[in-house]
Structure formats: C-alpha cells, structure tokens
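Have the model open and follow along.

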Amino acid sequence: MLRSFLSARRRPPLVAWAWLLTLLLSGALAGCHHEDGIDPVPSPENPTQVTTAVSGLVRDEQNRPVAGALVRVAGQSQTTDANGAFCFASVTVPAARYVVQASKANYFDSTVGLKPGAGQTATTVLLTSRGPALTLGSATAGGTLQVPGGARIEFPAGAVARNGSAYGGAVQAYVRYIDPTSARVNDLMPGRDLQAESADGKTQKLKTFGAMRVELEDGAGQALQLAAGQRATLRFPVPASMRGAAPATIPLWHFDEAKGLWVEEGSASLTGGEYVGTVGHFSSWNADQIVGPSAFIKFRIRPTTDLPGFTKKEAPYPVARVSIPRLGLQMTVLCNSADSVQIVEVPSGSWTGPAGEADELFSTAAENFGTASVNRLRLGNLAPGTTTDIGTLRVNPLSAVKGRFAPNSCNGRPVDHYFAYYDTPTANGDFTLFYRSVSADGQFNFRCAPGQLIRLAFYNDGGQVIGQRDVAPPPAGQVLDLGALDPCTGNPATNPGNNGGILVPGNPGSGSHTVDPSARVDFTINGDGHVNESVQMRDTSPAGAGPFATFFANGAAIGIPGPALQLQAGGTGPGSKFIYLALENASGRGTFPLTVMLPGLMFNGGELTMQAYFPQSPRPATGLTVTITRYDAVGGRIQGTFAGTLMALSGDVVTISNGSFDLRRGVDL
C-alpha cells in the first residue's frame, strides 16, 4: 500500500513493521476508543471472549471484488456476494485477537488478524492469485526453483511425498515471494499483523526480512509435501536497503492456519546477501526478527469545518489512510465523532529526529480522495508501555449523505445495517469501508470525501443483501439527503420499482416522468452465463427519472477526471434491467472509452442479484468504446452505438455487440 507515497521516499523505515492497523472507527467499530472506551491492552479485568458483528470486503490484487469466496470466522462461514462483501451478525471471539480467513480456488488462502471492536468490526481481506506454477521436472532427481523476486527453493533428490508415499514425478510449485520493502507487504503477509508464537510459547510481534508462500501439487492437482525426514533449502534475498540492519542469524517462522499465528521453527543464516535455512515441510515461511517492547500513541481526527445540520456525533467521517513513514506504518481510519480517540500500538523509541515527514503522522490528498490533513503530528520520545497523546489531526472539509427507510422493513425483515465504501480505490489501492447499523427509526447517515462515488449495500437482519445503489456525494461542506427510501430496494420510496442506479444531486429527479416512446437501449451480451443474449430496454412506465443522458463539466461527481457523459436507462418490475454508462471526456460527437457499465440490477422473486461489468485493467485496446453520432442541446437527443469487451466480477471476459441507444439529454451538471 501507499505505492505512490512510500516509493517516492528515499529514506527506508528505521523499523519496517509489517503491520496494517485497520481502525474502522464508528462508535461500534474496531479500534475506536472514546475516553471511556475499551482498554487497548488486554488486562485481567477484560473478558477473554467478546461477541461482535464481523463484516468486510474480499478483494483481489487489482482491487476487484471477489465473489464466491468462502469466509470463516470463529466456526461460522459464509460466501461473499457479488460485491465481495460478507457479514456475520454475531460471533464470539477472543477479546485480545481473532482471525478472519478467506479462500477461493486459484488463490492462496488469506488470514487477517484483528482486535474485536465494541459490537462491530469491519475489514478488507486481500486474496492473492497463485499465478502460474513453477515446475520441478523430477522429484526423484531434485533441483532448484527460481522464484520471481529473487528467492530460491532447493529440493534434494527423492525429497517429495504424496499421501506419505515416495513421489518421483514432476512437481507443480505455486510460490509467492513477499518482498519486505513492498508497499503492499501488509496485505500480502498471512495474518497481516505479524503476530507470532516464539519457541518458548510467548506471543511476539515480528519485523520481516522476507517471506515465501509455497504450495506443491502433482499434475492432477493433488497436494504434495516433503517426505518424512527430508529438508528443503530456502533462500530469501535481503533487499539492499535492509542489509545494514540484518542480523547474522534470524529465526524462521511458518504460518499456522489454525492458530492464525507465525510459529518459530528453525533459523536462517545471512550468506552473500541472502538468508539461507532449511525446512521440513511447506506452508508459508518467514525470516523475521522479534520486535522489542511497544508503546502507544493517542490522537484524534477532526475535519477543519463541520457540516450544516450535523452534530459532531451524528455521523462517521473517513480518512482513507494516515501514515508514519519512519515506522513503515499505515492505518485506515474512520471516526464517528470529534470525541473519538485513536490508540495505536507502535515500537517504542525516540522519534525526535530532524523535522520532516519521516517522524510525523499525516495524510495526503492523493491517497485520501482529497481529504488530506492540514497539519502533521510529531511522535517524540515513546517509552515502552506508555501512552502518549500526540494531538489532533485536522483534515479537509467533507460532505455527507443521509436518508431513511420508510417503513423500516422489507417483507417483514427490518433493514439492519449497510456497507459504504468508495467505488474507486485511492492512489494506494485502498477502499475506505465502514459498516453501520441503521437506527431503529430507519435513519442512516455518514460523512465522506466529496466527489467520490460511494457504493451502498443494505442488508436485512439475516445478513442478506436487500438493495444497493451508487451515490455521488455533494461538494465539500454540503449534505445530500436521499429522503425516504424503499426498504426492499434502497431506492426512493415513491418509486419502489426503479431498480437502482447512480443517484447524482441535480439530475432530472426520481419521482415520475413523461414516458418517452423513442428512448431505447439495445445490445447483445455473451459470456459470464449469457449466451448471445439480446437485451432491449424501453421506456414503458412513468415511474422514476426515466432514461436520460447528463453531461458533467467536471466528472469528479461520478468518479471520472475531466468532462464526462452519463447515459442511464432502466426498466421496472421483476426481471427488469438497469444500465449505466460513464464516458470520459465526452462533450460532443466522437468515440470514447467506457468507464463503468452496470447492465444488471436484476430482481427475481424479490432477491437482488447484481451483474457488474467493468473495463479490464489496464484497459486493453479492445476494451468497450461508445460512439456518439448525435449530440443535441439540453432537451434534445443523444444517440450512438457501443461494442467491445468488459470484465465480469467473476473474472470472465464478456463481449458486448450490436449496442445502440437513443436517450433524451437532461440538464447539464
């Protein structure tokens, strides 16, 4: 993470802690400590078990949602929805730390260690692709595997077994080297917080000098392992920036999936710029030092100005990322009030060097949707076991969104909670996510970065998605009131049949309209379960805003840099489809790349299923394009064609052909 940020710095972190301290803070979210909140350090007075709700998103390395991933927490399991979201309404977990585990075919399993919040905890889990296999031609002969990134694995002759019996065939090795200087080392590392169990049984925190994830299979996909009594040699390259601090001998640790901890087993020696050690089995292996005693810092985050009509405790406000470069520490932070206090564990020591970024905590606009801090906080001298208040971090003005469900139930099931997260990642690849309960009277509200598209997903009390919509927040300092929403769809209560879409302040309304018999969108879709399916969309009902096209002089309102054109159409009733096309730099006739396509918010028996298709990243030359052939003034027509390829949430490529549209042009924004 913080790719653009940390790569630009020349001084390496003094202590490269591979921690991602995810603090999703709304009065009931993980890590949010009011002055009378939970003690950050477990003590005999604290319970050993707590009950909490656990929610989050599963993403791949391209920050795409991973649908169909199996997520496990404290003996419970569920599968992620089309947004990659999961939610456990009530789980009992250890008070000090628990783990969230996610898995899916063709990915390495992922484990995230978390401290439970007071009632709710939210997180993002990264699944990394296993990628193409490295091949060892003959287990009988042995050999060396060269791992991308500079690591190596050396197999002696006859060292591999299958189901406990000798195996001599080819070995397919899925190996991922984790560079300790990578900006994403936190997310890539199993456990993510580098909690460990040393050989004496004590709980430790680690500093990594490199890790490898290794899975062995035969040609049929059956698991292989080292034979009893055999050992393989691992070679971890030590980055040049870390060699000055690299000890001559370092402990080796394997990741125990059941415990969710790194467990000490053996050691490695520094030889020729590499740590070299042997192991008797394969899982994930890490060459790590034990970090010394910790200290704690305490700080607050407040906007420079508040919002009209919002009290300081009424709604959460996000800062996507704050960091302390000297410590290699990054945090995702969300506070619910100006009284919220962040308490963060850091290495003890004297951080009082020359004034500058490295010894300070701050946030940048590029990595926080423009919500940068206007000041910086110095750490100073942090003694072991102490908590030091370093002050208040002030962030740029934010906007807000609020609304209510009327009535607050869908088919007899109350609307219980919602996810809200940015539809586009920050520069460092992060999505600010928060999970909040809907109040007893159906009210919800939150602060957010202005001009950044927000995805809302609403859930009933059984954890099922009952509606979702995209919302473009208003400018800084303003509040967008969505009004009364239908609890079964999340759409305006005056129009329960309008199946979702982008709600943008100032577009042609959402109550009713005069039917436009000329409006149409037609296309053929192939892939992701569609076999040359012909889609025809017509304006047949006065409900909702109706089909329209809107020009944005500043496309930031819908998450696009520069001018943008939004084309929108939808049907009503069961089985209806909704389509949303956003075009970059489209201000007249011509051919333009597609930014987003959502050709399905489909309702079937009242259950919402989302089919979302996006430009492949990076967008290939064959990506979908839209050609505008007619571009009238406001009130006239916008017509054109579209075709090309897109990526489904499943990872499948879909082909769109024979696309055409004829829409009225709404008011410019």
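Two rings of Phe, Tyr or Trp (its six-membered ring) count as a pair if their centres lie within 6.5 Å. Keep that in mind for F523, F642 and F661, which form one aromatic cluster. The model you are looking at is a predicted one.

**Aromatic rings**

There are seven aromatic pairs in the structure. One of them joins F255 and W262 edge-to-face, with 5.1 Å from centre to centre and 65° between the planes. Both partners are out of the solvent's way: F255 is buried, and so is W262.

Another pair is F405 with F444, where the ring centres are 5.6 Å apart and the planes meet at 35°. Why is this pair called tilted? Planes under 30 degrees apart would be stacked and planes over 60 edge-to-face, with the rest tilted, so 35° makes the F405 and F444 pair a tilted one.

| Charged end | Ring below | Distance to ring centre |
|---|---|---|
| R130 | Y174 | 3.7 Å |
| R376 | F362 | 3.9 Å |

**Nonpolar cores**

Which members of the largest nonpolar core touch the most other members? In this set of 35 residues, they are I153, F155, M212, Y275 and F282. Take F155 as an example: leaving aside residues up to four places away in sequence, F155 touches L136, G142, G143, L145, V160, L216, L226 and F282. There is also a second, separate core of 25 residues, and F523, M537, L581 and F642 are included in it.

G142, one of the contacts of F155, sits in the loop between β10 (134-136) and β11 (143-146). Is G142 buried or exposed? Its relative accessibility is 17%, and the cut-off for buried is under 20%, so G142 counts as buried. Along the chain, G142 and F155 are 13 residues apart, yet 5.0 Å separates their C-alpha atoms. Besides F155, G142 touches L136, P156 and A157, again not counting residues up to four places away in sequence.

**Two positive phi values**

N106 is not a glycine, but its phi is positive at about 75°. You'll find N106 in the loop between β7 (98-103) and β8 (110-114), and at 58% relative accessibility N106 counts as exposed. R192 is another non-glycine residue with a positive phi, near 65°. R192 lies in the loop between α2 (185-188) and β16 (195-197), and at 3% relative accessibility R192 counts as buried.

Conventions. Residues numbered from 1 in each chain as written. Predicted model: local features only at pLDDT ≥ 70, side-chain atom pairs only at ≥ 80, totals over all residues. Heavy atoms only, no water. Buried < 20%, exposed > 50% of the residue type's maximum accessible area, 1.4 Å probe, protein only. Lys NZ or Arg CZ within 6 Å of the ring centre and 35° of its normal. Helix = DSSP H or I, 4+ residues; strand = E, 2+ residues; numbered from the N terminus. Core = buried A, V, L, I, M, F, W, Y, C linked by side-chain atoms within 4.5 Å. Contact = heavy atoms within 4.5 Å.
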